[in-house]
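The structure comes first, then the notes by topic.

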Amino acid sequence: MFPQLNRRDIQWDLQRNGGSVQATTERVLGGRGLERPPPSFQPIQPPSSSPPTRPAPSASKPSHPDLITRYNLASRLSAASDPEDSLPAEEIPKPQAAWSQSKAERQALLQKRREDMVLAARRKMEQRDRTREKGKAKEL
């Protein structure tokens, strides 16, 4: 922003005023200039321009690749009826809007809603994949 200023001077001013960029900018734009840092001031070096290397995920700790596995919904997925036989999302009755006084009941209700949303998204994705496959088969 201010190529005419020394980076070390800017870092010193930012450190002095608690990191307030606005105060430093006002000081520069107001023509007051920035104080020289003492020789003992060691500014924090910016990270190198090379992209950070991310450690490879450890093979010993298995990650949950999908939400079905993460929330242990495989049994509900296999127990669910065929998606064509199930009600569309618009016809599913909405739960009551009133919250329970019991924390455990509220937690169970929220968990069930989360599971239902994950399963509904799964069914929707599978339906979309089936229609894409049918569309590709017709093109050939």
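A residue counts as buried under 20% relative accessible area, as exposed over 50%, and as partly exposed in between. R76, with a relative accessible area of 30%, is therefore partly exposed. The model is predicted. Its chain has five helices and zero strands, and buried residues make up 11% of the 140 residues.

**Fold**

- From the N terminus on, the elements run α-α-α-α-α.
- Helix 5 covers residues 103-139.

- R76 and E115 form a salt bridge, with 2.7 Å between the closest N and O atoms.
- The pair links distant parts of the chain, since R76 sits in helix 4 (residues 74-79) and E115 in helix 5, 39 residues apart.
- The two partners fall into separate accessibility classes: R76 is partly exposed at 30%, whereas E115 has 13% relative accessibility and so counts as buried.
- E115 also has a C-alpha distance of 9.3 Å to N72, a residue 43 positions away along the chain.
- N72 belongs to the loop between helix 3 and helix 4.
- N72 counts as exposed because its relative accessibility is 63%, and the cut-off for that class is over 50%.

- The side chains of E35 and R16 meet in a salt bridge, at 3.7 Å from N to O.
- This pair, too, links distant parts of the chain: R16 lies in helix 1 (residues 7-16), while E35 lies in the loop between helix 2 (21-29) and helix 3 (67-70), 19 residues apart.
- E35 is partly exposed, as its relative accessibility is 47%.
- R16 falls in the partly exposed class as well, because its relative accessible area is 43%.

- E126 and R122 form a salt bridge whose closest N and O atoms are 3.1 Å apart.
- Both residues lie in helix 5, four residues apart, which is about one turn of the helix.
- E126 has a relative accessible area of 25% and so is partly exposed.
- R122 counts as partly exposed because its relative accessibility is 24%.

**Positive patch**

- K124, R128, R132 and K136 gather on the surface in a patch of positive charge.
- Of these residues, R128 is found in helix 5.
- R128 counts as partly exposed because its relative accessibility is 40%.
- Patch residues need over 30% relative accessible area and no salt bridge, and the 40% of R128 is therefore above that cut-off.

- T24 is found in helix 2.
- T24 is buried because its relative accessible area is 6%, and the cut-off for buried is under 20%.
- The side chain of T24 makes a polar contact with the side chain of N17, at 2.9 Å.

Conventions: Residues are numbered from 1 along each chain as its sequence is written. This is a predicted model: local features need pLDDT of at least 70, side-chain atom pairs count only at pLDDT 80 or more; totals for chains, interfaces and linings use all residues. Side-chain values use heavy atoms; hydrogens and water are left out. Patches are made of residues with over 30% relative accessible area and no salt bridge: like charges are joined within 9 Å, nonpolar side chains (Val, Leu, Ile, Met, Phe, Trp, Tyr) within 5 Å. Accessible areas come from the Shrake-Rupley method with a 1.4 Å probe; for residues, only the protein chains shown count as cover. A salt bridge is a side-chain nitrogen of Lys or Arg within 4 Å of a carboxyl oxygen of Asp or Glu. Lys and Arg count as positive and Asp and Glu as negative; His and the chain ends are not counted. The place of a charge is taken as NZ of Lys, CZ of Arg, CG of Asp or CD of Glu. Helices (H or I, at least four residues) and strands (E, at least two) are DSSP runs, numbered from the N terminus. Buried means under 20% relative accessible area, exposed over 50%, partly exposed in between (1.4 Å probe, protein chains only). A polar contact is a pair of N or O atoms within 3.5 Å; within protein, one must be able to donate a hydrogen and the other to accept it, and residues adjacent in sequence count only if both atoms are side-chain atoms.
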